[in-house]
Amino acid sequence: TEPLLKVDGLKKYFPIRSGVLSKKVGYVKAVDDISFFVNEGETLGIVGESGCGKSTTGRMLMRLLEPTEGNVMFEGKDLTKISDSAMRKVRRDIQMVFQDPYASLNPRHTVEKILMEPLIVHQIGDPKTRRQKVHDFLEIVGLSSYHAKRYPHQFSGGQRQRIGIARALMTNPKLIIADEPVSALDVSIQAQVLNLMQDLQKELKLTYIFIAHDLGVVRHISDRVGVMYLGRMVELAPSENLYAEPLHPYTKALLSAVPVPDPQFQREQIILEGDIPSPSNPPTGCTFHTRCPFKMDVCTTIKPKLEEVKNSHFVACHLYNEAVQH
Ligand code: SF4
Ligand code: MG
């Protein structure tokens, strides 16, 4: 069967302008040619440090940002080619959950009004059924109907994210793009929200793209995980394989920083030298070569492609491509 979402060659280049005539002097390659798919009912985790292009990717899938190049196939339609009005209809089926629920919830509106809005925008139901649906979804996310008349500031961070999740669910979407949904929450609350999202996924048959900056957070919720660095996907694998046997040196370094419950199994920490280079002036060849402990000569000149080196385990690194090394 076809995947629910298939992304092919997606790019986002932001022009850099300079001078009084605002001449284009270059590009920030925020997302530079990434491809992946998401099957119905699964969770794809996308992980990377800030500025790696993961949020930009999420926003392009919803066309909140227009891609510079590439295709986004959703249920047989190329979302990069359809009209704005057709895209508005698709937004019923694809919803987002944001990192900071406080910033994304209107502080002057009651929870009821906030949750009702997507139903009004998409002309779903009448006032009575809408109100009923709001109350039902408050319960579904672990709040109660008596919360309906309250305002966002009257809730805790975790509760506010439950409201953000409820709002995303109001239109019965198929795909949820969650952009760091638990990053702003206390660790103890993170687990509750993650569990809620997993329960909702089963009950409502949802498909998730779960964006995070920490491999630890997406581990249990993701079926597969993609790791991004400087606008590119450097590794993509089923979760079990990625955590048991990371292949890309960057993934290895990220994983070595994730604490494990039993210290006996803690990996030796790999400290990366230097900072992430600017995406407006990325290194030649493998963009990770300035920080990679395994760098070879070829790495500075030839850009490694994301290739399948084991069953469904993809990596973009010359260490796994003998043809390029010699
Ligand atoms: Fe390191 Fe070379 Fe692999 Fe890039 S291609 S991750 S520089 S070994
Ligand atoms: Mg972000």
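Start with the open sheet of four strands, in the order β2-β1-β4-β5 with antiparallel pairing; two strands pair if DSSP finds at least two bridges between them, and strands (E, at least two residues) and helices (H or I, at least four) are DSSP runs numbered from the N terminus. Its edge strands are β2 and β5 (77-78), each pairing on one side only.

This is a predicted model, in which local features need pLDDT of at least 70 and side-chain atom pairs count only at pLDDT 80 or more, while totals for chains, interfaces and linings use all residues. Residues are numbered from 1 along each chain as its sequence is written, and chains are lettered from A and ligands numbered from 1 in the order in which they are written.

Select residues 5-18 and 23-38. These are β1 and β2, antiparallel strands joined by 12 bridges. Val 7 has Phe 36 of β2 as its bridge partner. Four residues lie between the two strands of this hairpin, and Gly 19 in the turn has a positive phi of about 80°.

**The eight-stranded sheet**

Move to the open sheet of eight strands, ordered β6-β7-β8-β3-β9-β10-β12-β11, where the pairing is mixed. At the edges stand β6 (94-97) and β11 (307-310), each with a single partner strand, so one side of each has no neighbour in the sheet. From one strand to the next the twist averages 20°.

Within this sheet, select 43-47 and 224-229. They are β3 and β9, which run parallel and are joined by four bridges. Val 47 has Val 227 of β9 as its bridge partner. Then show residues 249-256: helix α10 lies across β9 and β10 (232-238), running at about 105° to β9.

**Two helix pairs**

Select 111-121 and 127-140, helices α4 and α5. They pack at an angle of about 120°, with their axes 9 Å apart. That makes α4 oblique to α5; angles under 35 degrees count as roughly parallel, over 145 as roughly antiparallel, 65 to 115 as roughly perpendicular and the rest as oblique. To see the contact, display Glu 112, Leu 115, Met 116 and Leu 119 in α4, which meet Arg 130, Lys 133, Val 134 and Phe 137 in α5.

Finally, select 157-169 and 187-204. These are α6 and α7, packed at an angle of about 20° with their axes 10 Å apart. The two helices are therefore roughly parallel to each other. Residues to show in α6 include Gly 157, Ile 165 and Leu 169; among those they and their neighbours meet in α7 are Ile 189, Leu 196 and Leu 204.

Note on methods: Axes fitted to C-alpha atoms, helices over the stretch in contact; angles between N-to-C directions. Contact = placed C-beta atoms within 7 Å.
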